[in-house]
Amino acid sequence: MKAYRDRMDQLHFTKEQKTQLVDRLMEAAEQPVSRRNRGRLRRMVTVGVAAALVLAVGAGATVVLTPAGEVFSSILGGAPAQTEIIDRIGRPIGASDTQNGVTITADAIVGDTYSYAIVYSIAREDGQPLADDLTANELGYLPLLFQDSGTDVGHMGGMHGSSYFYDADPSDNSIQFVEMMTADSPIQTGTARASFTNLQLTDESYANSTILAEGTWNLKFDFAFEDAMVHLDAGQPLHFNGMEAVLDDVQLSPLSFQISYTLQTPNAANYNEYLNTLPVTLQLKDGSTVDLTLSGGGVHDNGNTVVCQKSDIFSQILPLDEIASITVGDVTLPVD
């Protein structure tokens, strides 16, 4: 984050350049937009130059960086409190690569000690849509996949997560690819390297695919964000599904959770039962609950004991001051 801020501090614009930037944003605001996109565009104009989200690239070229809260609003929630948190613990990126007339851009990142989410945009340079018949399924996912893809953040341990394609703004010609990952040990900040090969159009079963955009795209960018994770008091005996354990550690951030526990009497038929049968529930102060039981994780067999980690990224940003407590098995911990 410091390196990113240092680079932004080095940007200087003349009075004429600032005027041109404002004019461009105001011209965009005057274009007709659908009711669905008015809030999004209004925020773009509001942050404008004031947020210093214009990065100089080469001679005379500029890249307008969208705030992280704006990028993740359709994924992790767009309420004011959620947007404020995303802008605090995330940051815009703007790194891109173009192959065969198609550009992939890393838009923004948000993360904490164990988890991160990155949104990439994909668009043709000529302004045309990638395909004419892209239809999202009932979950909003597009029938696309890469032949090969991955973001290397330098983590040497295990990770689990998900990725999918969606369309954040049907009025433009770009589509988005989001990658969400959670690690079994703290992730170190540094440099991320992302690689994508051959964008493909597929059917609902993902059995039949055709190449939509051929090429290999390579991106490199700073992997850094402000960590907002907190530790809760743990160490209590834990009982679930006829097993005895010790609750070693519970950590929460507005983005994700991480729970570690050691089984003293492992007796399940397979390792999946050590994770899947442990109930985890968040109690919110408004009286609602969030069921986290079906989350990912990892199991480490040490012989006489088994150490388990259960973790995941929330379906939306959850401000910690809105969480009353978390219940793990038969143990309830307050969240102050």
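Modeller: Phe 314 has a relative accessible area of 4%, so Phe 314 is buried. Please bear in mind that this is a predicted model.

Colleague: Which residue pairs with Phe 314, and in what geometry?

Modeller: Phe 257 and Phe 314 form a stacked aromatic pair, with 6.1 Å from centre to centre and 15° between the planes. Phe 257 lies in strand 14 (residues 256-263), whereas Phe 314 sits in the loop between strand 18 (306-313) and strand 19 (323-328), so the pair ties together parts that are 57 residues apart in sequence.

Colleague: And Phe 257, buried or exposed?

Modeller: Phe 257 counts as buried, at 1% relative accessibility.

Colleague: How many aromatic pairs are there in the whole structure?

Modeller: The search finds 14 aromatic pairs. One of them joins Tyr 120 and Phe 177; this pair is tilted, at 6.3 Å centre to centre and 35° between the planes.

Colleague: Where do Tyr 120 and Phe 177 lie?

Modeller: Tyr 120 is in strand 5 (residues 115-124) and Phe 177 in strand 8 (residues 175-183), so this pair too links parts 57 residues apart in sequence. Both Tyr 120 and Phe 177 are buried. They also belong to one aromatic cluster with Phe 146, Phe 165 and Phe 196.

Colleague: A change of topic: where is Gln 283, and what is it in contact with?

Modeller: Gln 283 is in strand 15 (residues 280-284). Leaving aside neighbours within four places in sequence, its contacts include Ser 288, Thr 289, Ile 323 and Thr 327.

Colleague: Which backbone oxygen lies 3.4 Å from a polar side-chain atom of Gln 283?

Modeller: That is the backbone oxygen of Thr 281.

How values were computed: Residues numbered from 1 in each chain as written. Predicted model: local features only at pLDDT ≥ 70, side-chain atom pairs only at ≥ 80, totals over all residues. Heavy atoms only, no water. Phe/Tyr/Trp six-rings, centres within 6.5 Å; stacked < 30°, edge-to-face > 60°. Helix = DSSP H or I, 4+ residues; strand = E, 2+ residues; numbered from the N terminus. Buried < 20%, exposed > 50% of the residue type's maximum accessible area, 1.4 Å probe, protein only. Polar contact = N/O pair within 3.5 Å; in protein donor to acceptor, adjacent residues only side chain to side chain. Contact = heavy atoms within 4.5 Å.
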